[in-house]
Amino acid sequence: MATISSQESDDFQKFRLSDAEMDGLFDTINRSVADEAHLMSRIAVVRQGETLTERLAIAKDEGWFQPMLNDLLRQGVSVVINDILITDAIATAVASHCDFPPDWVTQQNLYITPGESQGFDPHCDPHIVIVAHLYGLKEWTIYDKVLENPVYDSETNTIADKSNTPEVQSKILVEPGDCFVIPRGRYHSAIALSPASVHLAIGTAGVRAIDYIWTMADQAIHNPIMRADMTPDEALKMAREYMAQCVLEPVCLPRFPRTDRTVNANISSISFKDLLDALPSK
Ligand SMILES: [Fe+2]
């Protein structure tokens, strides 16, 4: 870890990636950012906590990413590429440094942040996040607020109330190769201290009992009798009978198969280095 402020506690698991592990990450990112069809539905943009993604207009099939990236970063907008490919290189690196099984790696998002830009307001995530810092210098703020086992649903507010920002618990300054683990539900934010910074957020999650309840509901919605109008007592009886006969299989991990997908040679190929070239210079 590059520098640890005096406020930092030792609650957070930290480690450094080896050169070989960094190469594995860059290879995964190269394959993801070279595929503009993959990027088209996964790019998100944020400025000072405000999501601007719906304003993006992508009119071309090819050749749009690099100019758009240049334009956005020069305007001080953070660019997020969601769902970078999940590869064995990432899962193995996580498993070799953390207690989490490699099968728990479920999502990887790449954050490209211009200097002094806070991509998101203080928030927590509904999964464990392993931050792998790749470029520049960034300071993370960890708050004392924790939401117990949040999930993705409309009831869970994972964004901190702006009128009631939680207390700062610690600050963590990271440089390329530094990694640390943000526990599920722990509020955090980050600010780039160099002209630009890049990090990968590796989402990690086990199976939750609620996953089975949601699976049951997903199956029921496709059964016409479960959507029929009836009296409250009849509906309750029907629901009980349905749940009693439901057969649930264990959730398979990893949730999303790892891929060794290669990039179509015909599309314009962009690499992590090109991505860095688009960032504001020092
Ligand atoms: Fe987060």
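Hi everyone, let me start with a definition: a residue is buried if 20 or more other C-beta atoms lie within 10 Å of its own, exposed if 12 or fewer, and partly exposed in between, with C-beta atoms placed from the backbone. Please keep in mind that this is a predicted model, where local features need pLDDT of at least 70, side-chain atom pairs count only at pLDDT 80 or more, and totals for chains, interfaces and linings use all residues. Residues are numbered from 1 along each chain as its sequence is written.

First, the overall picture. The protein chain has seven helices and 12 strands; these are DSSP runs numbered from the N terminus, helices being H or I with at least four residues and strands E with at least two. Of its 282 residues, 30% count as buried.

Now to aspartate 23, which sits in helix H1 (residues 19–33). Why does aspartate 23 count as exposed? Because it has 12 C-beta neighbours inside 10 Å. Its C-alpha atom is 9.0 Å from that of alanine 89, 66 residues apart along the chain.

On to helix H3, residues 65–74, whose buried residues are Phe65, Leu69, Leu72 and Leu73. Seen down the axis of H3, these fall within an arc of 95°, so they line one face of the helix; the arc is that of the directions from the helix axis to the C-beta atoms. On the other side of H3, Pro67, Asp71 and Arg74 are exposed.

Last stop: just after H3, glycine 76 takes a positive phi of about 80°.
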